[in-house]
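Work through the exercises below with the sequence and the model at hand. Each task is followed by a solution in steps.

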Amino acid sequence: VNRAKQKDTDNKNSPSRGYLRDLLETKDRHKSTAEHWAAGGGHLDCLQYLCELRSTLDGNAKGNQDSNTEKPSSGKMRR
């Protein structure tokens, strides 16, 4: 899993980066993402991979931006 993630995210111009970004951003008619489906199905290893992948892709997209510029989360979940 780590080797695949590393390969897919190393090259910023890789076609697979676009595919992976599309996978993470796609939502169904209920606005559920791949992470929702993985969590709902109990696939924790897949969920962990998707979360790490999102973090890696988001980190690469931000480049050298200051991470303190984002609004902190309240830590509360909405139902």
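**Exercise 1.** Leaving aside neighbours within four places in sequence, find which residues Thr-33 is in contact with.

Solution. Step 1: locate the residue; Thr-33 sits in the loop between α2 and α3, where helices (H or I, at least four residues) and strands (E, at least two) are DSSP runs, numbered from the N terminus. Step 2: apply the contact criterion, heavy atoms within 4.5 Å. With neighbours within four places set aside, the partners of Thr-33 are Leu-24, Thr-26 and Lys-27. Step 3: check accessibility, with buried meaning under 20% relative accessible area, exposed over 50%, and partly exposed in between (1.4 Å probe, protein chains only). Thr-33 has 10% relative accessibility and counts as buried.

The model is predicted, so local features need pLDDT of at least 70 and side-chain atom pairs count only at pLDDT 80 or more, while totals for chains, interfaces and linings use all residues. Residues are numbered from 1 along each chain as its sequence is written, and side-chain values use heavy atoms, with hydrogens and water left out.

**Exercise 2.** Determine how many salt bridges the model holds, and describe the one between Glu-35 and Arg-54.

Solution. Step 1: a salt bridge requires a side-chain nitrogen of Lys or Arg within 4 Å of a carboxyl oxygen of Asp or Glu. By this rule the count is 3. Step 2: for Glu-35 and Arg-54, the closest N and O atoms are 2.8 Å apart. This pair links distant parts of the chain, with Glu-35 in helix α3 (residues 34-40) and Arg-54 in helix α4, 19 residues apart. Step 3: Glu-35 is buried at a relative accessible area of 12%, whereas Arg-54 is partly exposed at 24%.

**Exercise 3.** Which residues are linked with Arg-21 in a network of salt bridges?

Solution. Glu-25 forms a salt bridge with Arg-21, their closest N and O atoms being 3.9 Å apart. Both residues lie in helix α2 (residues 15-25), 4 residues apart, about one turn of the helix. Step 2: take the pair between helices. Asp-58 also bridges to Arg-21, with 3.0 Å between the closest N and O atoms. Asp-58 lies in helix α4 (residues 44-62) and Arg-21 in helix α2, so this pair ties together parts that are 37 residues apart in sequence. Step 3: compare accessibility. Arg-21 counts as buried at 18%; Glu-25 is partly exposed at 48%, and Asp-58 is partly exposed at 27%. Step 4: join the pairs; Arg-21, Glu-25 and Asp-58 form a salt-bridge network.
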